[in-house]
Amino acid sequence: AGAIATNYAEIGLSINGFSTNTDQIQFVTVSGNVTVSAITSTQRFSANTDWIHVVAVADTTQTAASERVKLYVNGQRITSLTGTTYPAQNTALPFFNSSSYEQRLGSIVTYGNLDGYMAEVIFVDGQALTPTSFGQFDANNNWLPKGYTGTYGTNGYYLPFNTLGTSSYAGLLASNSTYLTAPTNAAFSIGTGDFTMETWFY
């Protein structure tokens with residue numbers, strides 16, 4: 001989400017050297033060209049050949065700075081990070097699900113688009129959840145999806161990428177031309193509360 005290169009927020013796979021990183025997962029907010037928060041995985045995912053489940057969690061009420069923004073991949077918290085900037089306590093992260101900015105999936109203004117698939121997006125307003133709300137390990141320690149049974153909060157949402165509500169499929173997002181947008185709308189405002197966002201991508 002965001003309008004110009006100096007005001008944006010993103011959760012995703014960094015590509016083409018965005019923010020000087022390549023193929024790392026990021027959870028970033030920049031306002032007025034100042035970084036409000038940023039965590040980036042040390043691990044790179046360029047050679048990945050499997051679906052990846054990403055969960056981003058924000059709870060800026062936490063006393064410990066490192067607990068205020070978190071990333072999980074396939075059920076495991078990413079603890080090896082580079083270039084961390086944690087938000088001040090009780091800071092409202094701008095642009096995420098904001099009523100004043102266009103919301104995008106698969107694209108960030110100026111910096112390019114995702115070239116891959118997304119198989120569901122969930123935004124939970126007002127709750128800082130863990131990956132077990134969305135997935136589980138099988139007997140062989142493989143991380144598998146499971147249906148989310150919780151609530152979405154006042155302005156949360158679920159995008160299942162269904163065909164007529166009868167079968168599921170992954171949404172293909174081509175790197176040069178395809179992404180989803182929602183215009184500015186008061187329904188997207190989440191105020192200063194916690195939130196959780198998750199998706200599967202390939």
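Student: Which element of this predicted protein has the lowest mean pLDDT, and which has the highest?
Tutor: pLDDT is the predictor's confidence in each residue, from 0 to 100. Strands are DSSP runs of E with at least two residues, helices are runs of H or I with at least four, and both are numbered from the N terminus. Among the elements of the protein, the lowest mean, 42, belongs to strand β1 (residues 2–4), and the highest, 95, to strand β7 (residues 76–77).

Student: What pLDDT do local features need in this model?
Tutor: Residues are numbered from 1 along each chain as its sequence is written, and side-chain values use heavy atoms, with hydrogens and water left out. This is a predicted model in which totals for chains, interfaces and linings use all residues, side-chain atom pairs count only at pLDDT 80 or more, and local features need a pLDDT of at least 70.

Student: How many contacts does the model have for residues 166–179 beyond near neighbours in sequence?
Tutor: Contact means heavy atoms within 4.5 Å. Over residues 15–19 the pLDDT stays under 50, and the model has 10 contacts there beyond four places in sequence. Residues 166–179 also have a pLDDT below 50, and their contacts beyond near neighbours number 41. Where pLDDT is low, the predicted coordinates should not be read in detail; for residues 166–179, the number of such contacts is 41.

Student: How many helices and how many strands are there?
Tutor: The protein has 202 residues, of which 41% are buried (under 20% relative accessible area; exposed is over 50% and partly exposed lies in between, with a 1.4 Å probe and protein chains only). Its secondary structure comprises 0 helices and 20 strands.

Student: Is L81 buried or partly exposed?
Tutor: L81 is found in strand β8 (residues 81–85). Beyond its neighbours within four places in sequence, L81 is in contact with I39, T40, S41, T42 and Y86. Its relative accessible area is 25%, which means that L81 is partly exposed.
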